[in-house]
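Keep the sequence and the 3D view open while you read.

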Amino acid sequence: MKIVCIGGGPAGLYFALLMKQLGAHHDVSVVERNKPYDTFGWGVVFSDATMDNMREWDRDTADTIEQSFAHWDDIELQFKGRTIRSGGHGFVGIGRKKLLNILQARCEALDVKLVFETEADSDADYPDADLVIASDGINSRIRTKYASVFKPDIVTRPNRFIWLGTKKVYEPFTFLFEKTEHGWFQAHIYQFDASTSTFIVECPEPVWLAHGLDKADPDQSVAFCEKLFAANLQGERLMTNARHLRGSAWINFQRVKCEQWSMFNGHSHVVLMGDAVHTAHFAIGSGTKLALEDAIELTRQFKEQGDSAENIPAVLARYQTLRAVDVIRLQNAAWNAMEWFEVCGERYCDQLEPEQFMYSMLTRSQRISHENLRLRDKAWLEGFERWFAERGGAATAAWGSSAAAGPPQGGAAPPGGGEDRGGAATAAWGSTSLPPMFTPYTVRGVTLKNRVVVSPMAQYSCSDGVPGDYHLVHLGARAMGGAGMVVAEMTCPSADARITPGCPGLWNAAQRDGWKRIVEVVHRETDAKIAIQLGHAGAKGSTNAPWQGAGADRPLAAGTWPLIAPSPQPYLADGGQVPRAMNRTDMDRVRDDFVRSARFAAEAGFDWLELHCAHGYLLSAFISPLTNRRSDEYGGTLAKRLRYPLEVFAAVRQAWPQDKPMSVRISAHDWVEGGITPTDAVQIARAFKAAGADMIDCSSGQVSAGQKPIYGRMYQTPFADRIRNEAGIATIAVGAISEADHVNSIISAGRADLCAIARPHLANPAWTLTEAAKIGFTGVAWPKQYETAKSQMHANFQRERGLPSGKA
Ligand SMILES: Cc1cc2nc3c(=O)[nH]c(=O)nc-3n(C[C@H](O)[C@H](O)[C@H](O)COP(=O)(O)OP(=O)(O)OC[C@H]3O[C@@H](n4cnc5c(N)ncnc54)[C@H](O)[C@@H]3O)c2cc1C
Ligand SMILES: Cc1cc2nc3c(=O)[nH]c(=O)nc-3n(C[C@H](O)[C@H](O)[C@H](O)COP(=O)(O)O)c2cc1C
């Protein structure tokens, strides 16, 4: 085959040499516009895993790279005058120049034709090539030429960064954060040879503009960065190799992905590779890895399917199918990491103490979990857990009890410096530390024994709104299962506020007494707390239970009742009942119904009250512009749409005992164009915080039947994170949180204060006890009657982990 690689970066050079190695008869050339030893850039990093992969495909190249790279394990954070370091991260750093020189030399040794200082105008310049590799980088001319075929999706991100170098040697991978009068800057620094480190400086565009850096030439930018990081650089200089650039050397990252990776131009097959087809933000340093692994996969396909011209179409199709999966996974992780650096200035830098900031930064891609950090650096993680157990509980207590207070601030205790909270529990966790999931949490006069909440789940199993034996067993079992708190399902303040005829209510004494019996059993037999969730169905009322008639959300066939809502709009366009728009008299009545329920809830002895302002029910419907079309003072702007829900909140808060907490569940994202967005959710949270809410329970969706949610592991946690750290109010994360590892990561990173778990609790009432056993934490108390099961379960999980099954 005749193969031409346009662009001699890592992708083009590595593919050229691998193909030549696969078959010496192939005619392979690389066309590069630069001179052989003339290349931009400082060092690049990739992981140990990439090195292993390369070793498998070309030992020579891997060995030479290995002789030249800097290998390091530690990540160091320098932040607010503190230095925190953790190990076990396994990176390889190498000068980009060095890497290319190694690849060029190997190409020469294998007889690849290297054509330097030649600008390839187009793939059409090589009509006799069987295969043209468009490895021409992020601004790929070939991709642009065939944009209608490749369908590139290019997103320009808001941060500005400049790629610098320094002769100061940084042993660990180092992150510096510096605050200026206009905002935060961060530097990502890694050594790549014996005497040089890459030094990337990054900041949000408004900060960059405020400092006038848009008008600075490269030398002025270097001077600015040297001054900014002077304390760290200690007289060392920063260097730029972008002097040839006119104007600012600060760039925006562009995320590239393409729908189609290859095509036939009439003469040759053309395929995109490396940055030309996908980019990954430097926050996880994977661009070079992706480029090299593209080259490996394409070569593998030729090896497996036959390296002759007739196989090219099949090879290219399989190459895209396989690579696209890995690439999207990595791009998603890179996206999360990139976003973290985009928002850290406004969301984390001022809010989090250095220990938690470090944790949040290390887990920024959401690919590294709590247990993963333990594998990397057990001592560091245990130090963090000790710090969290001591500091986390205390900090959130102060924060949670004062609606006006901001997130925890101020001086931090050194990791490992304090005594553990949780006494016996800590001792049992190998006398080392306490999993953050099992730290207590105090708000107002209520202390939860841990951070797990059984999320409210409608059971549609009441008669006349009175909870009975079913609810006693259902909630009682879950209260015995180890969660810190059980939240009873949405309970309605009037008969016409119900979703279905089977929904529980709290508008009369019989219902109050039904709840009282359950609350008393939970309090007497367990150490869990129990909450009530009060909600009015609005336009989503008068429907079937999921297993009845036409199913959930569908109107009852008989026995319907009239509905009220902010606007006369049915939830289901096809056959939903049209509600009547509420007038002020309705509003007074519903508000007073909520107050009556709150009083009954207090009499029943509930510990906590949650106001349901999510999922398209009445109060949620006031908040969303999709369901609130009013033109009076309760519709229009977000502030006006919030007016009625806030009025209800205030009235309930007044009726509810002051020493008991109130949370508000919101839909932080409607998942519909024109609906509530996470940015609105921060405003909503601020409004409820100002009204005296202790916590925001961050759910999403179910406001419009046209929603298009993006589900995934912990998919709503970013809302809890953003609200907590931007609005400065404690949050509950919920949604596809299914393991202790998730809970530990969320709580540790300060993404939420509590985690609500719903469906896993339907499958397993003792979810918390089971998860504790899975991670080998014996310090959690089981009901005394169940003790023998505890030791057995722990022993079984120990055995599964391949550890001696000692006694729990
Ligand atoms: C600030 C920054 C930091 C980075 N840090 C890392 C990191 O730590 N780790 C990491 O893995 N990656 C990192 N990257 C990304 C990495 O540089 C790229 O992902 C990687 O180089 C992609 O390789 P490539 O071969 O696809 O493209 P490139 O390396 O861009 O190579 C393309 C080549 O094509 C040549 N070319 C383009 N057009 C033509 C033409 N018409 N004719 C002839 N030649 C042409 C160019 O001169 C260039 O040599 C970083 C990138 C940036 C911007
Ligand atoms: C059967 C069932 C009933 C639910 N009922 C309620 C409810 O009454 N109130 C509420 O706010 N959320 C309700 N939800 C939503 C859950 O509380 C939770 O937010 C959602 O299931 C996502 O969490 P998960 O992934 O852990 O299941 C219900 C969910 C399920 C599965």
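## Around ligand 2

How many residues surround ligand 2, and which are the closest? The count is 16, with S455, P456, A458, A736 and R759 the closest. A residue counts as near a molecule or strand if one of its heavy atoms lies within 4 Å of it.

This is a predicted model, in which local features need pLDDT of at least 70, side-chain atom pairs count only at pLDDT 80 or more, and totals for chains, interfaces and linings use all residues. Residues are numbered from 1 along each chain as its sequence is written, chains are lettered from A and ligands numbered from 1 in the order in which they are written, and side-chain values use heavy atoms, with hydrogens and water left out.

The side chain of S455 places an N or O atom 2.7 Å from an oxygen atom of ligand 2. A458 uses its backbone: an N or O atom there is 2.7 Å from a nitrogen atom of ligand 2. Q533 brings a side-chain N or O atom to 2.8 Å from a nitrogen atom of ligand 2.

## Around ligand 1

Ligand 1 is surrounded by 31 residues. E32, V45, R96, D275 and T288 are the closest.

R96 has a polar side-chain atom 2.8 Å from an oxygen atom of ligand 1. In the side chain of E119, an N or O atom is 3.4 Å from a nitrogen atom of ligand 1.

## The barrel

Eight strands close into a barrel, with parallel pairing. Their order is β20-β21-β22-β25-β26-β27-β28-β29. From one strand to the next, the twist averages 25 degrees. Helices (H or I, at least four residues) and strands (E, at least two) are DSSP runs, numbered from the N terminus. Two strands pair if DSSP finds at least two bridges between them. Axes are lines fitted to C-alpha atoms, for helices over the stretch in contact, and angles run from 0 to 180 degrees between N-to-C directions.

Take one pair. Strands β26 (residues 662-667) and β27 (residues 695-699) run parallel and are joined by five bridges. R665 has D697 of β27 as its bridge partner. Helix α17 (residues 509-525) packs on the sheet and touches β21 (485-491) and β22 (529-534). The direction of α17 makes about 150 degrees with that of β22. Contact here means heavy atoms within 4.5 Å.

## Salt bridges

Side chains of opposite charge can pair when their charged atoms come close. The whole structure holds 55 salt bridges, each a side-chain nitrogen of Lys or Arg within 4 Å of a carboxyl oxygen of Asp or Glu. In one of them, E342 pairs with R157, and the closest N and O atoms are 2.6 Å apart. E342 sits in helix α11 (residues 312-347) and R157 in strand β10 (residues 152-166), so the pair ties together parts 185 residues apart in sequence. Relative accessible area sorts residues into buried (under 20%), exposed (over 50%) and partly exposed in between (1.4 Å probe, protein chains only). E342 is buried at 11%, and R157 is buried at 14%.

D326 and R323 form another salt bridge, 3.6 Å from N to O. About one helical turn separates D326 and R323, because they are three residues apart in helix α11. D326 is partly exposed at 35%, whereas R323 is buried at 3%. R589 and D496 meet at 2.9 Å, N to O. A network of salt bridges links R584, D588, R591, D592 and E647.

## A look at N265

Where is N265? N265 lies in the loop between β16 (262-264) and β17 (269-272). N265 is partly exposed, at 21% relative accessible area.

Leaving out residues up to four places away in sequence, N265 touches D123, Y146 and V270. With D123, the polar contact is side chain to side chain, at 2.7 Å. The N265 side chain also reaches the backbone nitrogen of H267, at 2.8 Å.

Key:
A polar contact is a pair of N or O atoms within 3.5 Å; within protein, one must be able to donate a hydrogen and the other to accept it, and residues adjacent in sequence count only if both atoms are side-chain atoms.
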